[in-house]
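Colleague: I'm new to reading models like this one. Could you take me through it with a few questions?

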Amino acid sequence: MASSGFFLICLLHSAVALTSGAMMIFYTNEVFVFGHGFEIASKLVGSTPHDQLLIRTSDSFSGLLLFAIGFLLFMVAFVKDREFQGFFAKGCVLLHVAMAIWRVCFERKLETLDHDWLRKVVGDLVLGLSWPTPPPSVWARSPVLVAVRPPLPSAAADLASLPLFVLGLSKHLVVLRSGHAWFAGCF
């Protein structure tokens, strides 16, 4: 059973990535002027011909990567497995959050880009929230491993000599003990 929301969001993100990638490949300067203004765009292009060539090549490859991501999203939109859709949506949310963190940590420190980093962070978070995440009932079936470790014994040999014991087993929960470490997992 497939989610129609997942299909629509995949197609929307695919169209944006395909369009943005093609624009980055063929119309780099126009995209810079549209996104940053003429003054900042002239700084982003580079000052020497060698720098300009390197930046244009880098932007073209970035556009090609974005185009490939858009094509991948288009293909993923037609996958009917709900479990895969949930996994993929959670991965996309994490990717958008990681991009927002990268912008906060690094992009705001660049002089030419420091005026619009907050707008881009909000955009990344909104894009991350646009992915339909699965309901909590699906999360309960996902494999989770939690480790709780009390203080270590005085001798490391004591830890190596203790075997692994299964302390509890229910329908979906396994509790293991190895030495002084406890592990609980939902499977």
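Colleague: Which helix is the place of C92?

Modeller: Quick background: this is a predicted model, where local features need pLDDT of at least 70, side-chain atom pairs count only at pLDDT 80 or more, and totals for chains, interfaces and linings use all residues. Residues are numbered from 1 along each chain as its sequence is written, and side-chain values use heavy atoms, leaving out hydrogens and water. Helices are DSSP runs of H or I with at least four residues, strands are runs of E with at least two, and both are numbered from the N terminus. On that basis, C92 is in helix α5.

Colleague: Is C92 buried or exposed?

Modeller: We go by relative accessible area with a 1.4 Å probe, protein chains only: under 20% is buried, over 50% is exposed, and in between is partly exposed. Because its relative accessibility is 11%, C92 counts as buried.

Colleague: How many residues are in the largest nonpolar core?

Modeller: A nonpolar core is a set of buried Ala, Val, Leu, Ile, Met, Phe, Trp, Tyr and Cys residues joined through side-chain atoms within 4.5 Å. Here the members are F6, I9, C10, L73, V76, A77, F88, A89, C92 and W131. Helices α1, α4 and α5 each give two or more residues to this core.

Colleague: Beyond its neighbours within four places in sequence, which residues is S14 in contact with?

Modeller: S14 lies in helix α1, and it is buried because its relative accessible area is 2%. V76 is 62 residues away from S14 in sequence, yet their C-alpha atoms are 9.6 Å apart. Contact means heavy atoms within 4.5 Å. With those neighbours set aside, S14 touches G70, L73 and F74.

Colleague: Now the other case: is L129 buried or exposed?

Modeller: L129 is found in helix α6, and its C-alpha is 6.8 Å from that of V93, 36 residues away in sequence. Because its relative accessible area is 71%, L129 is exposed.

Colleague: What is the volume of the largest pocket?

Modeller: On a 1 Å grid over the protein atoms alone, a pocket is an open set of points with protein on both sides within 12 Å along at least five of seven lines, while a cavity is a set where a 1.4 Å probe fits but cannot get out; lining residues have an atom within 4 Å of a point. Points are joined across faces, edges and corners, and a volume is the space filled by probe spheres set on them. For the largest pocket, that gives about 1800 Å³.

Colleague: Which element supplies the largest share of that pocket's lining?

Modeller: There are 40 lining residues, with S20, M24, L66, M99 and R103 nearest the centre of the pocket. At least two come from each of α1 (4-26), α2 (28-36), α4 (49-76), α5 (82-105) and α6 (117-129). The largest share, 10 residues, belongs to α4.

Colleague: How many residues in the pocket's lining are nonpolar?

Modeller: Ala, Val, Leu, Ile, Met, Phe, Trp, Tyr, Cys and Pro count as nonpolar, Asp, Glu, Lys and Arg as charged, and the rest, Gly among them, as polar. Nine of the lining residues are polar and six are charged. The nonpolar count is 25.

Colleague: How much space lies in the largest cavity?

Modeller: The count is one cavity of 30 Å³ or more. Its lining is T28, N29, F32, V45, Q52, I55, R56 and D59, and α2 and α4 each give two or more of these residues. The space inside is about 40 Å³.

Colleague: Last one: how many strands does the chain have?

Modeller: Along the sequence, the pattern reads α-α-α-α-α-α-α-β-α-β-β-β. That makes eight helices, and the number of strands is four.
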